[in-house]
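Colleague: I would like to learn how to read a model like this one, feature by feature. Could you take me through it, starting with a single residue?

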Amino acid sequence: MAFDGIVIANLVKELKEHILNGRISKIAQPENDELLLTLKGNHGQVRLLLSASASLPLVYLTKENKPSPMTAPNFCMLLRKHIANGRITGISQPHMERIINLEIEHLNELGDLCRKTLIIEIMGKHSNIIFCDAEGKIIDSIKHIPAQVSSVREVLPGRMYFIPETQEKYNPLETTQEEFMEKVFAKPQNLAKSIYTTYTGISPTVASELCYRASVDGERPAAALSPEERLHLCHHFSWLMDDIREGRFSPNIIKNGKEPVEFSAVPLTQYRGMDAITYPGISEVLETFYADKNVYTRIRQKSVDLRKVVGTVLERSRKKYDLQLKQLKDTEKREKYKVYGELINTYGYGLEEGAKSLTALNYYTNEEITIPLDEQLTPQENARKYFDRYNKLKRTYEALTELIKETQEEIGHLESVSTSLDIAVSEDDLTQIKEELTQFGYIKKRNTGKKVKTKSKPFHYLSSDGFHIYIGKNNFQNDELTFKFATGGDWWFHAKGIPGSHVIVKTNGEELPDRAFEEAGRLAAYYSKGRENDKVEIDYLERKNVKKPNGSKPGFVVYYTNYSLVASPDISGLALLAD
C-alpha cells in the first residue's frame with residue numbers, strides 16, 4: 001500500500017480545505033499510539049484521526065468517533081493543557097516527506113498568544129506524533145525514542161526536533177531535468193528502484209506507474225535505457241510533479257473484484273483488468289481501503305483452520321482416488337480369465353494329462369490364443385480356477401466402481417467447499433461453511449446445546465436491465481437458492497465441470513435480454529474455481545430442468561439439456577446490492 005509523500009500531499013491539500021483556521025474542541029487518545037482531534041471549522045465539525053501505529057500508521061478525516069479510556073494518557077492530558085481550543089493556522093509537508101506539520105495558535109494561562117507545532121511522522125515502524133514549541137524544541141511525543149533505541153535521533157522532551165537524513169534523497173518537486181538524468185540513470189539498479197531511492201515521497205508503486213506510463217520496463221537496468229526512453233520517462237515524471245504542485249489529485253482504490261488491492265492519490269494505469277474506483281477525497285479512500293482490507297485480512301486469518309481441514313482431507317481423498325484407479329486397472333484382465341475358462345471347457349476334453357497350455361481358437365475374436373494351464377490340475381479344475389479369478393476381479397471391479405464414484409463425489413464436494421472459502425466475505429459465511437464440514441464429519445461436533453445462527457445471505461446483484469441475480473456463497477446456500485428460492489421459469493447458471501456457485505436470475509415471468517445472460521455468465525465465472533482464467537465455459541438452463549439426486553451432497557445437481565456460453569470472470573460494472 002502506497003502511503004507515500006504523494007498521498008501525504010493530497011492529505012495536506014484536503015486538510016487545508018477542511019480544518020485550516022478551525023478550532024480544536026476536543027482531544028482524545030483512544031489507543032496508546034493514536035489521537036482523535038475534534039475540530040470546528042468552515043465545514044462544521046469534523047474529526048481528524050492521527051495514528052502512529054507501527055503496523056498501520058494513518059492520518060485521515062473521519063465522521064466516526066472512537067471510545068476513549070476512562071483516564072486520559074499523559075500525552076493526551078498535555079495536549080489538552082496546551083492546545084485545547086487552539087486554532088490551526090498552518091498545515092504543511094516538508095520536502096515531500098511523509099510528515100505533516102500542524103501549526104497551532106493558542107492562549108496560555110496568562111492570556112498570551114503562543115504557537116506550537118504538532119508533527120505527525122508516517123514512517124512505518126518509526127511513525128510518531130511529536131509536540132514541539134515555537135523554537136522546535138520537543139515538549140513531548142506519543143513515543144519516546146532514547147539514544148539506546150536510535151543512534152540517529154533522540155525523540156525526548158527537551159531535545160531539538162529535526163528530520164533525520166538517513167538516505168541521500170532529493171525533493172522531486174524541486175528537481176530539474178538535468179538532475180533527473182544525472183541521478184536516476186547513474187544507479188546500478190533496476191529503473192523503478194532507482195526512481196524511488198532517488199526521490200523522497202515516491203513509493204515503489206508510483207515508480208512502477210511512471211515506468212508503465214512511459215512504456216518502459218521498470219525491471220530493466222536504469223543505465224540500459226536509450227536517450228529517447230530516458231527523455232520520455234523524464235517528461236512523465238515532470239508531468240506528475242506538475243499535478244502535485246497544482247493539487248490535481250485523483251484519490252482512488254484499485255479493486256480486484258470486490259477485494260481492495262492498492263490505493264493512490266494519482267491514477268494507477270498499470271493495474272489492467274482491475275477496477276479503479278475514484279473518491280471525492282483521500283480521507284475517504286484511506287478509511288474505506290483499510291476498513292475493506294481489514295475485512296479480507298480478518299476473513300483470511302479466520303479461514304486458515306478451515307482451509308487446513310479441507311486441504312488435509314482433500315489431499316487424502318486424492319491419494320485414495322489414485323490408488324483406487326490403479327486397483328481398477330488391475331481388474332481389466334477379468335474378461336480374459338472368463339474367456340480362458342470358457343475355452344478350456346469347450347476344447348479341453350482332448351488335452352493330455354499334465355498339459356501346460358491349451359492352444360485354441362477364440363470364437364469371440366476368431367484369433368488363435370494360447371492359455372497357460374496348471375499341469376497338476378484337470379481341465380475342469382483349470383477352467384474353475386480361471387472362473388474364480390474372473391468372479392473375484394468382477395466383484396472387485398464392481399466395488400471399486402462404486403468406491404471411485406463416492407471418492408469423486410467427496411473430492412468434488414471438498415473442492416466446492418474450498419471455492420466457498422475463497423469467496424467468503426464475512427464471519428457468518430465461514431460459520432456456515434464450518435457447519436457443513438461438521439455435518440459431514442470433517443470437523444468434530446461439539447455439543448453446546450445451542451443451534452448456530454448465521455446472517456450469511458447469498459450475493460445479490462442487479463443486472464443492467466434490472467433483473468435480480470443471486471449467487472450462493474456455499475453449498476447450503478446453493479441448494480436453498482436452486483430448490484427453494486428459484487421458480488421453474490428462472491434461469492440457472494454454473495461454471496461447466498468445475499466447482500462454483502449456483503447463479504439464479506429471477507425472471508418474474510419476463511424474457512431475459514441477451515445482456516442479462518452475459519452478465520449472469522460473468523458472475524458464474526467469477527464465483528467459481530476458474531475465476532483466475534481469461535475465459536470460463538458456463539452451462540445455463542431453466543431452473544425446472546435442474547434435478548438433485550436423492551442422498552447427494554449439498555450443492556450437487558444433475559441436468560441433461562442445457563445451453564452453453566463462454567464468459568469472462570470480469571464483474572466490473574455489475575451492481576452488488578446490500579441486502
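Modeller: Gladly. Let us start with Asn-21, which counts as partly exposed because its relative accessibility is 45%. The general idea is a scale: buried is under 20% relative accessible area, exposed is over 50%, and partly exposed is in between, with a 1.4 Å probe and protein chains only. Keep in mind that this is a predicted model, where local features need pLDDT of at least 70 and side-chain atom pairs count only at pLDDT 80 or more, while totals for chains, interfaces and linings use all residues. Residues are numbered from 1 along each chain as its sequence is written, and side-chain values use heavy atoms, with hydrogens and water left out.

Colleague: Where is Asn-21 placed, and what is its phi near?

Modeller: Most residues other than glycine have a negative phi. Asn-21 has a positive phi, near 70 degrees, and sits in the loop between α1 and β1 (23–31). Helices here are DSSP runs of H or I with at least four residues, strands are runs of E with at least two, and both are numbered from the N terminus.

Colleague: Is Ser-215 buried or exposed, and which helix does it follow?

Modeller: Ser-215 counts as exposed because its relative accessibility is 64%. It comes after α5 and has a positive phi, near 60 degrees. Its loop runs between α5 (204–213) and α6 (227–245).

Colleague: Which residues of α5 are buried, and what do they pack against?

Modeller: For packing, think of contact as heavy atoms within 4.5 Å. The buried residues of α5 are Thr-205, Val-206, Ala-207, Glu-209, Leu-210 and Cys-211. They pack against α1, α4 (191–198), α6 and β11 (259–264).

Colleague: Why does Gly-90 count as buried, and what is it in contact with?

Modeller: Gly-90 counts as buried because its relative accessibility is 10%. This glycine lies in strand β5 (residues 87–92). Setting aside neighbours within four places in sequence, Gly-90 is in contact with Leu-20, Asn-101, Leu-102 and Glu-103. Asn-101 is 11 residues away in sequence, and the two C-alpha atoms are 7.7 Å apart.

Colleague: How should I read the nonpolar cores?

Modeller: A nonpolar core is a set of buried Ala, Val, Leu, Ile, Met, Phe, Trp, Tyr and Cys residues joined through side-chain atoms within 4.5 Å. The largest one here has 75 residues, and Phe-3, Ile-6, Leu-48, Ile-100, Leu-191 and Ile-195 touch the most other members. Helix α1 (residues 5–18) gives this core its largest share, seven residues. A second, separate core has 27 residues, including Phe-459, Phe-493, Val-505 and Ala-516.

Colleague: What does Phe-3 touch?

Modeller: Not counting residues up to four places away in sequence, Phe-3 touches several residues, among them Leu-11, Pro-57, Arg-98, Phe-263 and Tyr-290.

Colleague: Now the whole protein: what is its radius of gyration?

Modeller: That radius is taken over C-alpha atoms, and the globule rule is 2.2 Å times the number of residues to the power 0.38. The protein has 35 Å, whereas a compact globule of 579 residues would be near 25 Å. Its C-alpha atoms fill a box of roughly 130 × 60 × 55 Å along the principal axes. The protein has 13 helices and 21 strands, and 46% of its 579 residues count as buried. Among contacts with a separation of 6 or more, 60% are between residues 24 or more positions apart.
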